[in-house]
Amino acid sequence: MNNEKKTIGFESAEILLPDFNKINGTQWAVVACDQYTSEPDYWKNAEEIVGDSPSTLSMILPEVYLSETAKRVPIINESMKEILKAHLVSHPDSMILLARTQSDGKIRKGLIGAVDLECYDYRKGSDSLIRATEGTVLERIPPRVAIRRDAPLELPHVMLLIDDDRRSVIEPLLTECDGKAPLYDFDLMLGGGHVRAYALNATQQAYAKEKLAELIAPDAIKARYGNADLAPLLFAVGDGNHSLASAKAAYEEVKAAIGEEAAKNHPARYALAEVVNLHDDALGFEPIYRVVFHCDPKDLLSSLKDYLSTLSGDAAAQTLRCITLAEEFDLTAPHPVQQLTVGTLQSFLDLYAKEHPEMEVDYIHGEDSLRSLVKDDTTVGFLFEGMRKDELFRTVIYDGALPRKTFSMGHAPDKRYYLECRKIK
């Protein structure tokens, strides 16, 4: 292993793609498995579009079918073997530059390569180079590990964020590649927009790695976060944290079986991912609000007021908009401990729920949706200012992984589509 790989945890990989002169790209690429989890009709529509054509759809387990994991996993693994043998072409030592036209017409730019799972730790409080942005639900990992354990291939929907406010890594490469022959170029099914991608040459790959390394130089860390001695955070997981956590768990199984020395060069040590600049204009963050059901609003809000008054942190003051059937008003935390309002609220709700197991908390996108749910005297809704994009890295560095359901990164049709493959055996 070279020092550069150890330093930035990002490398080229043997990427496998179909020959898109022979295989229809629109039928091949399918949206991330954790989307449309309550909409089986979406996945049935995808099946109708694909028909008998080779597709990533046959190599994934949409979460809408998680209850069928045991039955579907062997079929998925056999499909991987068949597609690997009949349809995939090797692109060794590759990094791919992606231009993704979203459903809103904006173009999101990405860099696809392999991340070193030795540099990733999803536990709260981690100081690893690659970190989770939100709490990891451990119960969600085993079904994914079950697929990966016997799978010959991985298909990534992981999106990693970099804090590159100078736009020094990805954007110059896209300017340089614009006008060149693309590696692939096609529309995505069911409103997913369009993808166009370019293969980077050795010089361009070296440039990308050099610029990534510059983001975690001590002077750069001090300029962005105020302290050069902070443990560097290069990649924050934006989407697909549970998939990356599953890749990590599967790799740890391999390492335990063959030993640490042999595992150093095992393909399971790495995971394919797309790197996106947090400051990309096409990347939007939206808050996820809270609504509490089956509670006594007066008691809950009185307890919340008392809790907020006891906090003695040094974060900026925070305000919560509290909505009941009878009234709405603001509560303020003058001296919160956590950097984000949602973190302060979630900490209180977790404590309150221990004493009130009958209450239920739901996570709601959109103010109108939240207000529509507050329709009886046992429900309370909470609105708050969402996290700004430029707060993400600082908050993860100082507070650790954020509370679950802190923010949503874009809409479902704009999530990453499965497209590239890589051998993990």
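Lys and Arg count here as positive and Asp and Glu as negative, while His and the chain ends are not counted. The place of a charge is taken as NZ of Lys, CZ of Arg, CG of Asp or CD of Glu. On that basis, the protein chain has 48 positive and 67 negative charges, and their mean positions are 4 Å apart.

This is a predicted model, in which local features need pLDDT of at least 70 and side-chain atom pairs count only at pLDDT 80 or more, whereas totals for chains, interfaces and linings use all residues. Residues are numbered from 1 along each chain as its sequence is written, and side-chain values use heavy atoms, with hydrogens and water left out.

**Overall build**

- The protein chain has 14 helices and 23 strands; these are DSSP runs numbered from the N terminus (helices H or I, at least four residues; strands E, at least two).
- The C-alpha atoms fill a box of roughly 65 × 50 × 45 Å along the principal axes.
- The radius of gyration of the protein chain is 22 Å, in agreement with the value near 22 Å for a compact globule with 425 residues; it is taken over C-alpha atoms, and the globule rule is 2.2 Å times the number of residues to the power 0.38.

**Burial and surface**

- Of the 425 residues, 53% count as buried (buried is under 20% relative accessible area, exposed over 50%, partly exposed in between; 1.4 Å probe, protein chains only).
- The protein chain exposes about 18800 Å², of which carbon and sulfur atoms supply 49% (Shrake-Rupley method with a 1.4 Å probe).

**Salt bridges**

- The structure holds 26 salt bridges, each a side-chain nitrogen of Lys or Arg within 4 Å of a carboxyl oxygen of Asp or Glu.
- Glu11 and Lys209 form one of them, at 2.9 Å from N to O. Glu11 lies in strand E1 and Lys209 in helix H7, so the pair ties together parts 198 residues apart in sequence. Glu11 is buried at 11% relative accessible area, and Lys209 is buried at 9%.
- Glu118 and Lys255 pair at 3.1 Å, N to O. Glu118 lies in the loop between strands E6 and E7 and Lys255 in helix H9, so this pair ties together parts 137 residues apart in sequence. Glu118 is partly exposed at 36%, whereas Lys255 is buried at 13%.
- Glu274 and Arg416 meet at 2.6 Å, N to O. This pair links strand E14 to the loop between strands E21 and E22, 142 residues apart. Glu274 is buried at 0% and Arg416 is buried at 5%.
- Salt bridges also link Arg321, Glu328, Asp330, Glu367 and Arg371 in a network.
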